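Dear colleague,

Please find below the sequence and structure that I am handing over to you.

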Number of protein chains: 4
Amino acid sequence: MARKPADQSVNKMDILLAAADVLRRNGYEATTMKDIAAQVNLTAASLYHHFKSKDFLLLSVLETGLQVAIDQMERILHTPQPCADRLRAMITGHIVDVTANPAVGAAMVFEIRSLMNARPGIAGSIHSDAAFIERRDAFFRQRDAFENLFRRIIKEGIAAGEFREVDAAVFTRAMLGAHNWVGVWYRPGGRLTGQEVAAIMADTFITSLTGGLAEGQPAPLHRAQPGR
Amino acid sequence: MARKPADQSVNKMDILLAAADVLRRNGYEATTMKDIAAQVNLTAASLYHHFKSKDFLLLSVLETGLQVAIDQMERILHTPQPCADRLRAMITGHIVDVTANPAVGAAMVFEIRSLMNARPGIAGSIHSDAAFIERRDAFFRQRDAFENLFRRIIKEGIAAGEFREVDAAVFTRAMLGAHNWVGVWYRPGGRLTGQEVAAIMADTFITSLTGGLAEGQPAPLHRAQPGR
Amino acid sequence: MARKPADQSVNKMDILLAAADVLRRNGYEATTMKDIAAQVNLTAASLYHHFKSKDFLLLSVLETGLQVAIDQMERILHTPQPCADRLRAMITGHIVDVTANPAVGAAMVFEIRSLMNARPGIAGSIHSDAAFIERRDAFFRQRDAFENLFRRIIKEGIAAGEFREVDAAVFTRAMLGAHNWVGVWYRPGGRLTGQEVAAIMADTFITSLTGGLAEGQPAPLHRAQPGR
Amino acid sequence: MARKPADQSVNKMDILLAAADVLRRNGYEATTMKDIAAQVNLTAASLYHHFKSKDFLLLSVLETGLQVAIDQMERILHTPQPCADRLRAMITGHIVDVTANPAVGAAMVFEIRSLMNARPGIAGSIHSDAAFIERRDAFFRQRDAFENLFRRIIKEGIAAGEFREVDAAVFTRAMLGAHNWVGVWYRPGGRLTGQEVAAIMADTFITSLTGGLAEGQPAPLHRAQPGR
DNA sequence: CATGAATGAGAGTTCATTCAT
DNA sequence: GATGAATGAACTCTCATTCAT
């Protein structure tokens, strides 16, 4: 008694991207399952064939976004360059991601709180509860790990004498705050490309880290793995 | 059918602060009028004596928060110091505010979207609509003005040769992103006081602005505690 | 969190009739969606699958009631009988309708004002507003048309010399006022059937129209379709 | 801490008239105490100094309206004229009242139901209940008495051979339905004065009553149409 | 897979009414 | 008398979710 005249069957990823988009505009609480469904030409009821609940849908969106960012970082971190170079690459990579897909980036900022407060529907069975909590905690662990990647390289840079002595925790958060905010104000097609924003951002923070140390070389970009 | 065992009459400001607090934890959409009312020992219905609607309540919270920040800045801006000193004072002032009242600071970050999307309940009369829209637009204008205070001093510093040549727009947003984010992670009673966070923050960005330049003082973070 | 023990699916018309019935007893404002829902073994929430809002539900009730009356009239109007006979048929038809379904008849009298004052909840989208206003205006136009059917035949009768010269506008309203009122006092199973009330009503007004002109035949109650 | 800068102290009758006016526009259920209070420059709370409850206020409005109509009738009934003349005077008097104060007239039609359904606030004391019921019942008795005045004179006219044999009950209700309806459509300042409407109305029903009979005067309104 | 119909749980909001001032 | 503040009860409407088809 019902068909989907739609062009092509929808898959999970379609839904996730559509959801991220709606989420960005309205926020988790103000977004209805119907809103999301409409974006992919489905009814709300049909979403339940793909995601167990709205909470799980949100979780999936965030997991996906975070995974992309982490993969990006992993590749960079394990290269044998100076800290400044690696940090620059990390910042650039992150910002490019965020500008390429601001919806997901914004979700990472704004919807985390909803995820925290989510109380999985006691409804069906008891272990929907458990399953959700578990996956959510895993997500938060990964997110902390992500933040740590930045903190660690800063500490490393300080230890190596490449960076001046800053409070690594606060500095990292200042940086991530600035990054996250990009997802809020950046509009594709504006004055600057994502690459340009990324470059400015990297410059801002790396200059801050190397600024006070500048001797001859003005905040050296590819400095010379000194004595060691 | 109505009683008032209330010990002490509540006023608008009490409600605003309580609301900011709840908002911080749950976000606008997830916050119920009942939640807010409970914080001030009222019933949800009673809130409507003080605020015409939930939308207006949110607007009032944000207006109040912004006003505090703006007043702060005005005082600083008109002193005849070097740009770097004035900017430092501005950053410090802003961060101290945010840490003193993280709830309001966080609201400024997270609830703006809800304010934008708010469709004032036509409820009573038709012009509740107009009144709301007007006040909301005024708010957004003030917020832009606030951002401009920072942008302007940066441009001034560049022109005066105190700062290196950065993209003032992006730099300002990086800064404000970092500041706003403080409202998210800062917890009173933690490792650092608001003053300390403020100092670190100011140092981070001012070093970035002056870093490449050859001044005498290298703006160190844990600088030499001189006399001591 | 949702079940459907429902024996049989309900349809719009079931709801409309139930609603008319409740409306009659309590009036629009005093009638709750729950009241209406209860009559058809639904919950209030379920009504919103069938009608966008309480306002639309009311509008639908009235539209339906009016349509029945209009259809009735159309059939009669186009027969080639004397005006008196056609008017008699119209009155009779109308009253029989009203007595057969006093709820709908009463709604036509009492709930019009609520319909006028209705300010469609902006709720969902902005054009629920426009859609409602449009349909409502169409309804009012039809209602005026209905009243005009009576006015016109009276004028026709006067022109033809069948009726004495009365103020057609006031006379029509007197008639309709009397008709509408039937929905208020008539109780099925009382002393008179709907047919009987209808006959008396028709006699009352037709005698009034022909009374002064009476030649031989004394405005007979069950007149003998004379020669002609 | 509160005063009434108003020009003149308000009294019960002011409130009753104001209330009738608001009632006419919005109906009892849709009218709030605040609405009524606003019309007399008071706050809702203040109305409770004059009326024990909203129900009592409604009751008072209706009582007042009915009393005026009844007084009117009493004067007429006891004159030694023919039935037709007395009925004409009654109708005329009633309609003039209704057009002079359509608000009260309309209330008599539309708000009766609310009065019936009113369940006096169990709230305060137990006898607010009883007091209300008693007064309400008295009101209904008076209203029936009012209707009976009309029914009785019609019967009297029939017995006297002045009127043809109609069903007095139905005829009376047809008449009152027409009268009440005047309060709905009549607008002061329109094409006709209240007096004119009254004359037409009286003519309509008296012609109906006398139409079939062979008197000398056939009570035509704009009669003559002689030749034909 | 997809959907329409149904629903429990609440949310925002209104309102008659009370009471201390 | 009059009022502002407060409230319990109720109402409209929304929404995530389920289930038979």
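**Helix α5 of chain C**

In α5(C), the buried residues are C:C83, C:L87, C:R88, C:M90, C:I91, C:T92, C:H94, C:I95, C:D97, C:V98 and C:T99. Please keep in mind throughout that this is a predicted model. The helix itself covers residues 83–100 of chain C, and because its 18 residues should span 26 Å at 1.5 Å a residue, the 25 Å between its end C-alpha atoms agrees with that expectation.

Helix α4 of chain A, residues 54–77, has 24 residues and reaches 35 Å from its first C-alpha to its last, which is close to the 34 Å expected at 1.5 Å a residue. The buried residues of α4(A) include the charged-end pair A:K54 and A:D55, and they also include A:L57, A:L58, A:L59, A:S60, A:V61, A:L62, A:G65, A:A69 and A:I76.

In chain B, helix α1 covers residues 12–26, and because its 15 residues should span 21 Å at 1.5 Å a residue, the 21 Å between its end C-alpha atoms agrees. Its buried residues are B:I15, B:L16, B:A18, B:A19, B:A20, B:D21, B:V22, B:L23 and B:R24, and they pack against α2 (33–39), α3 (44–47), α4 (54–77) and α6 (102–110) of chain B. Just after α1(B), B:G27 takes a positive phi of about 85°.

**Helix pairs**

Within chain C, the axes of helix α1 (residues 12–26) and helix α6 (residues 102–110) come within 8 Å and cross at roughly 60°, which means that α1(C) is oblique to α6(C). The crossing of these two helices is left-handed. On the side of α1(C) the contact is made by C:A20, C:D21, C:L23 and C:R24, and on the side of α6(C) by C:P102, C:A103, C:V104, C:A106 and C:A107. Sorted by class, this contact has seven nonpolar, no polar and two charged residues.

Another pair joins two chains, namely helix α9 (residues 168–185) of chain A and helix α10 (residues 194–210) of chain B, whose axes come within 10 Å and cross at roughly 60°. That angle makes α9(A) oblique to α10(B), and the crossing is right-handed. Here the contact is made by A:V170, A:F171 and A:A174 of α9(A) together with B:V197, B:I200, B:M201 and B:T204 of α10(B). By class, the contact has six nonpolar, one polar and no charged residues.

**Where chain C meets chain D**

Between these two chains, 36 residues of chain C are in contact with 38 residues of chain D. Helices α7 (112–117), α9 (168–185) and α10 (194–210) of chain C each supply at least two residues of the side that touches chain D, and the largest share, 10 residues, comes from α9(C). The residues on this side of chain C divide into 17 nonpolar, 13 polar and six charged.

**Two single residues**

D:A37 has its place in helix α2 (residues 33–39) of chain D, and it counts as buried because it has 21 C-beta neighbours inside 10 Å, where 20 or more are needed. Leaving aside residues up to four places away in sequence, D:A37 touches D:L42, D:T43, D:A44, D:S46 and D:L47. By contrast in sequence position, D:R135 is 98 residues away from D:A37, and the two are 24 Å apart in space, C-alpha to C-alpha.

B:R187 lies in the loop between α9 (168–185) and α10 of chain B. With 9 C-beta neighbours inside 10 Å, B:R187 counts as exposed, the cut-off for that class being 12 or fewer. B:R187 and B:R136 are 51 residues apart in sequence, and their C-alpha atoms are 30 Å apart in space.

With kind regards

Technical notes
Residues numbered from 1 in each chain as written. Chains lettered and ligands numbered in written order. Predicted model: local features only at pLDDT ≥ 70, side-chain atom pairs only at ≥ 80, totals over all residues. Axes fitted to C-alpha atoms, helices over the stretch in contact; angles between N-to-C directions. Helix = DSSP H or I, 4+ residues; strand = E, 2+ residues; numbered from the N terminus. Parallel < 35°, antiparallel > 145°, perpendicular 65-115°, else oblique. Left-handed = near helix turned anticlockwise from the far one by under 90°. Contact = placed C-beta atoms within 7 Å. Expected span 1.5 Å × (residues − 1).
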